[in-house]
Amino acid sequence: MANCFVGDIQGCYDDLRRLLDLARFDPTHDTLWLCGDLVARGPDSLSVLRFVRELGERAITVLGNHDLHLLAVAGGHAPLKKKDRIEEIIKAPDGLALLDWLRHRPLLAEHPEHPLLMVHAGLAPAWDVSTARRCAREVESLLQGDQHQWLLKHMYGDQPDRWSESLTGIERYRYIINVFTRMRFCYFDGRLDFKCKLGPKESTPGLRPWFEQREHHVDDPIIIFGHWAALMGQCPVPDIKALDTGCVWGNSLTLWRYEDDALIATPCPAHAK
């Protein structure tokens, strides 16, 4: 039994299937872990959702910013972006079932036996794993409950950009969502930045990657994340794995297998318009 972690797919269905063939992924024994952003700018987001959903318990995925945006668009809370190719999902005969399934995915997923934790974007510098877990469950309970439309309508915005346990209501939920699905850089004082999408060497002075700003704890699990294509899979912090290697932009789709520490990648044509 292997645990296979894959970076952002963004609707690149053929690339995903080719990568899984290369890794000899066996859905009868192995588990596929997906770092979020299943959908958006690739050519076949609908097939990606159908495939992952059909894997049942053999697939574990966390929500990314593009996944949440799909849910917001479907709920009438956000405009359809020209670059996103998600309208087919909303109009599909099984679209409602797929959206309901997606809405019930977590923001943070952990392996029940191995020290493995997966998120889309990262963990806030001020959070330990216990806090991150608790914050994820807060928002997940809203997304999976009767208040999900309210949350999807009000989740957009860059403020607050600093964590405090005293945050309440939508400000608290927005901060949590932004950390798990949008964060890349932080200021030295811990405030989040959402403007810079470059790599660390090209970033604005005064910014640090979240994984360098965050204090390491001896009992931390291996943290696996996607979201940041400019990193091209490079993270200098031990036991933190960056897996978004820009598949939709014409780079590659990458899989990391926990059991033998293997990195497997397949080159991809540029799909984003």
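Colleague: In which strand does Ala265 lie?
Modeller: This is a predicted model. The strand in question runs over residues 262-267. Ala265 falls within that range, in strand β12.

Colleague: Is Ala265 buried, partly exposed or exposed?
Modeller: Buried means under 20% relative accessible area and exposed means over 50%. The relative accessible area of Ala265 is 42%, so Ala265 is partly exposed.

Colleague: Which residues is Ala265 in contact with, leaving aside its neighbours within four places in sequence?
Modeller: Contact here means heavy atoms within 4.5 Å. With those neighbours left aside, the contacts of Ala265 are Leu19, Leu22, Ser252, Leu253 and Thr254.

Colleague: What separates the C-alpha atoms of Ala265 and Leu117?
Modeller: Along the chain, Ala265 and Leu117 are 148 residues apart.

Colleague: Which element supplies the largest share of the lining of the largest pocket?
Modeller: The pocket has a volume of about 690 Å³. Of its 28 lining residues, the closest to the centre are Asn65, His66, Arg184, Lys197 and His227. Both α3 (65-74) and α8 (169-181) supply at least two lining residues. The largest share, 4 residues, comes from α3.

Colleague: How many residues in the lining of the largest pocket are charged?
Modeller: By class, the lining has 11 nonpolar and 9 polar residues. The charged residues in the lining number 8.

Colleague: How far apart are the end C-alpha atoms of residues 5-180?
Modeller: An unreviewed UniProt entry annotates residues 5-180 as "domain: Calcineurin-like phosphoesterase". Over this range the chain is 44% helix and 9% strand. The end C-alpha atoms are apart by 17 Å.

Definitions and conventions
Residues are numbered from 1 along each chain as its sequence is written. This is a predicted model: local features need pLDDT of at least 70, side-chain atom pairs count only at pLDDT 80 or more; totals for chains, interfaces and linings use all residues. Side-chain values use heavy atoms; hydrogens and water are left out. On a 1 Å grid over the protein atoms alone, a cavity is a set of points where a 1.4 Å probe fits but cannot get out, and a pocket is an open set with protein on both sides within 12 Å along at least five of seven lines; lining residues have an atom within 4 Å of a point. Grid points are joined across faces, edges and corners, and a volume is the space filled by probe spheres set on the points. Ala, Val, Leu, Ile, Met, Phe, Trp, Tyr, Cys and Pro count as nonpolar, Asp, Glu, Lys and Arg as charged, and the others, Gly among them, as polar. Buried means under 20% relative accessible area, exposed over 50%, partly exposed in between (1.4 Å probe, protein chains only). UniProt positions are given in the numbering used here, feature names are shortened, and annotations may be inferred rather than shown by experiment.
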